[in-house]
Amino acid sequence: MKIAVCGKGGSGKSTIVALLANEALGRDYKVLVVDSDESNSGLFRMLGFENPPVPLMELIGGKKVLKQKMAQPSILAENHISLEDISPQHLARRDGLMLVSIGKILQSLEGCACPMGVLSREFLKKLTLNTNELAIVDMEAGVEHFGRGVETSIDSVLIVVEPPLESVNVGQKIHELASGIGIKNIWAVLNKVPSEEIATKLKAELKQRHIDVIGCVYFDADVFRSSLEGKIPVSGVAVHETKEVLWRILSMVIMNTETTRI
Ligand SMILES: Nc1ncnc2c1ncn2[C@@H]1O[C@H](COP(=O)(O)OP(=O)(O)OP(=O)(O)O)[C@@H](O)[C@H]1O
Ligand SMILES: [Mg+2]
């Protein structure tokens, strides 16, 4: 299963990715987190790694070379990639948790991030997972990645929505784009919700837009505090709420049972 975590900038995508990854590990899944965000570089720390893996972009000669080769799509389209095929320098490992990074924008004026989008798309397309393996992709903020076709091989999209209306609007756009390319499993998870009253209002907004809500993660001061060190907590309310979200996702996608959406 390949799940993309999308949403407006700052809505909590990376936090939800890290919390979901930890939960999935606890359920004996091998978890590959794919860092597809070319701007932020702290995901490795949130996942408990000391150093980030070498970006896959380096594997193919860096952004400049890929840009030259972008006109020949066959370059990345030959093999299936299994987790064993990724060399240790590009795959950070801790127990059953793995992390790959597509690439980061490192310098000013180095050009647009399109090559990273191409690499993300091709890598995800070729990535072949066993039934006990789960890929969770931390997407770049907003919707541009849909334009680059990054989600073409993704089976599930989780949209992180926080209270501001603009976050709901971006969520709606993501829902439209994901439905448009035929993704069947699309849900919103509410995040940083300060009260039940606001949770109810947010759910109503999303219902009006025909977006299923799969869970609600309330504002958790521990999560916010831990982020000062670039980390996420291993226990607490948000951890528990994310566990529920993962359970619902797995029930619906892998066990194929319809669970009660909230
Ligand atoms: N449930 C929560 N409770 C409290 N704070 C939260 C919660 N979820 C996320 N945050 C905080 O919100 C901030 C942004 O979170 P995060 O970096 O995960 O967002 P993001 O969507 O990945 O951002 P970006 O678009 O920059 O990649 C962080 O300080 C994080 O600790
Ligand atoms: Mg992020």
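Author: A polar contact is a pair of N or O atoms within 3.5 Å; within protein, one must be able to donate a hydrogen and the other to accept it, and residues adjacent in sequence count only if both atoms are side-chain atoms. The model is predicted, with local features requiring pLDDT of at least 70 and side-chain atom pairs pLDDT 80 or more, while totals for chains, interfaces and linings use all residues. Residues are numbered from 1 along each chain as its sequence is written, chains are lettered from A and ligands numbered from 1 in the order written, and side-chain values use heavy atoms, without hydrogens and water.

Reader: What makes the pair formed by Ser-227 and ligand 1 a polar contact?

Author: A polar side-chain atom of Ser-227 is 3.1 Å from an oxygen atom of the ligand, and the limit is 3.5 Å, so the pair qualifies. An N or O atom in the side chain of Asp-37 lies 3.4 Å from a ligand oxygen. Tyr-218 takes part through a polar backbone atom, 3.2 Å from a nitrogen atom of ligand 1. The protein covers 84% of the 640 Å² of accessible area that ligand 1 has on its own (Shrake-Rupley method, 1.4 Å probe; for residues, only the protein chains shown count as cover).

Reader: Which residues come nearest to ligand 1?

Author: They are Lys-13, Thr-15, Asn-40, Asn-191 and Asp-220, out of 20 residues around the ligand (a heavy atom within 4 Å). Helix α1 gives the most to this shell, 3 residues (helices are DSSP runs of H or I, at least four residues; strands are runs of E, at least two; both are numbered from the N terminus).

Reader: Where does ligand 1 sit?

Author: Ligand 1 sits in the largest pocket, which means that more than half of its atoms lie within 2 Å of the pocket's grid points. This pocket holds about 560 Å³ of space (the space filled by probe spheres set on points joined across faces, edges and corners). Among its 30 lining residues, Gly-10, Gly-12, Ser-14, Thr-15 and Met-46 are closest to the centre.

Notes. 1 Å grid on protein atoms, 1.4 Å probe; cavity = no way out; pocket = protein on both sides within 12 Å on 5 of 7 lines; lining within 4 Å.
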